[in-house]
Amino acid sequence: PAVPRRVRERTAGLAAELLTDHPRVLLHTDLHYENVLAGPAGSWVAIDPKPLAGHPGYEIHPLLVNRERELQGYGLREAMRRRVIIAAEAMGLDLDEAFAWTLLRAGLEVGWASGFDPDGSRLSHAVAVTKALDD
């Protein structure tokens, strides 16, 4: 009941649209700045995976909310959208598809936060991120 109706409807619609016949690859699902470390000889190592098979666009959301304090001084909407664009370009994803997958995951995060957020701060933040991504 804490999830805004618009977020519920949008997330359900995106799930129906996106969770059909897409190629599935192995995803990390928690790939963000704190989970990528410098490895030996200048390589990079991704740690703490939450493996899942799915579409690569599902990976973008953690990049939006990690190190978010660095975005202060920029509008949340502009900063979030810019990060999606950068990630989509780096991953070779269609921009509309990248936004749709990111918005789907943001909606799922709202649902999760609504059940495990005693003071409401995570839920408020998750809703703000979803609104920033929505057209």
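Me: What classes of residue make up the lining of the largest pocket?

Reply: This is a predicted model, and in it the lining splits into six nonpolar, five polar and four charged residues. There are 15 lining residues, with His61, Val65, Glu109, Trp112 and His125 nearest the pocket's centre. The volume comes to about 430 Å³.

Me: Which helices each supply at least two residues of that lining?

Reply: α2 (61-65), α4 (95-115) and α5 do.

Me: Why is α3 called roughly perpendicular to α5?

Reply: Helix α3 (residues 76-91) and helix α5 (residues 121-133) pack at about 70°, their axes 8 Å apart. The label covers 65 to 115 degrees, so α3 counts as roughly perpendicular to α5. On the α3 side, the contact uses Leu76, Arg77, Met80, Arg81 and Val84, and on the α5 side Ala128, Val129, Lys131, Ala132 and Leu133. Those contact residues divide into seven nonpolar, no polar and three charged. Arg and Lys count as charged.

Me: What makes arginine 5 and glutamate 9 a salt bridge?

Reply: Their side chains come to 3.8 Å, N to O. The cut-off is 4 Å between a side-chain nitrogen of Lys or Arg and a carboxyl oxygen of Asp or Glu, so the arginine 5 and glutamate 9 pair qualifies. The whole structure has five salt bridges.

Me: How do you know that arginine 5 and glutamate 9 are separated by about one helical turn?

Reply: Because they sit four residues apart in helix α1 (residues 5-18), and that spacing is about one helical turn.

Methods. Residues are numbered from 1 along each chain as its sequence is written. This is a predicted model: local features need pLDDT of at least 70, side-chain atom pairs count only at pLDDT 80 or more; totals for chains, interfaces and linings use all residues. Side-chain values use heavy atoms; hydrogens and water are left out. Axes are lines fitted to C-alpha atoms, for helices over the stretch in contact, and angles run from 0 to 180 degrees between N-to-C directions. Angles under 35 degrees count as roughly parallel, over 145 as roughly antiparallel, 65 to 115 as roughly perpendicular and the rest as oblique. Contact means heavy atoms within 4.5 Å. On a 1 Å grid over the protein atoms alone, a cavity is a set of points where a 1.4 Å probe fits but cannot get out, and a pocket is an open set with protein on both sides within 12 Å along at least five of seven lines; lining residues have an atom within 4 Å of a point. Grid points are joined across faces, edges and corners, and a volume is the space filled by probe spheres set on the points.
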